[in-house]
Amino acid sequence: MKIFRDILDEQEHVYGVFRQHSVFLIGRIITEIVLVGLAVFVMAMIGVVLPKYDVQAGIWSVIASEVLLVIVGALIISAVIDVWRWRYSATIITNRRLIRCEGIFQRSVTDMSLQRISEIKMTQSFWGRIVGYANFMVMSEAETGQEIRGVVNPIAFRTALDDARVGEVRDFMQDTKNQR
């Protein structure tokens, strides 16, 4: 929460900080692990196939191995960036506004005044119900919307947003501990 303190006003009370469900992060990392495994498999096959067809393995093997090592390195860096991006992205509900923060090095902050919110739509897929996440579409009076995808603990998110809109103060941290 300290990483988001600099975007809040002194009089703002935080009702909740919500991240995208970790299942999305795990899915991206598993994809990168599979691609690393595929690259390692291709590197192993190069060592087997080239000598079998009497192709001089010398330069081609070295070039292919170096290219694949660069790909593996890029995939590992991509996994680290995915974790950072997930860690430094959140939706914050305060007594004044709904704030969406994204980014590691370059921060993107989108906020909507709570008074301008006219409609909140929650969509929860089958897997979302099983794992515990939902997508929200928050509409403003001007009929523009902000989509928030994969929100973990959607009931707590909706409750915090409703409480913030009516000004009801609850102990958010106590409520999330009780729901676990």
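Modeller: The model is predicted, so local features need pLDDT of at least 70 and side-chain atom pairs count only at pLDDT 80 or more, whereas totals for chains, interfaces and linings use all residues. Residues are numbered from 1 along each chain as its sequence is written, and side-chain values use heavy atoms, with hydrogens and water left out.

D162 has a relative accessible area of 29% and is partly exposed; the classes are buried (under 20%), exposed (over 50%) and partly exposed in between, for a 1.4 Å probe and protein chains only. Its salt-bridge partner is R158, with the closest N and O atoms 3.3 Å apart. A salt bridge here is a side-chain nitrogen of Lys or Arg within 4 Å of a carboxyl oxygen of Asp or Glu. R158 likewise counts as partly exposed, at 29% relative accessibility. Both residues belong to helix 4 (residues 154–166), and because they are four residues apart there, about one helical turn separates them. Helices (H or I, at least four residues) and strands (E, at least two) are DSSP runs, numbered from the N terminus.

This pair is one of six salt bridges in the structure. Another joins E12 to R97, whose closest N and O atoms lie 2.9 Å apart. E12 lies in the segment before strand 1 (14–18) and R97 in strand 3 (residues 97–102), so this bridge ties together parts 85 residues apart in sequence. E12 and R97 are both buried, whereas D162 is partly exposed. The E12–R97 pair also extends into a network of salt bridges that includes D111.

E147 and R149 form a further salt bridge, with 3.1 Å between the closest N and O atoms. E147 is partly exposed, its relative accessible area being 46%.

H21 is buried, at 11% relative accessible area. A polar atom of its side chain lies 3.0 Å from the backbone nitrogen of V23; a polar contact is a pair of N or O atoms within 3.5 Å, one able to donate a hydrogen and the other to accept it within protein, and residues adjacent in sequence count only if both atoms are side-chain atoms. Beyond its neighbours within four places in sequence, H21 is in contact with W86, V131, G132, Y133, G150 and V152, contact meaning heavy atoms within 4.5 Å.
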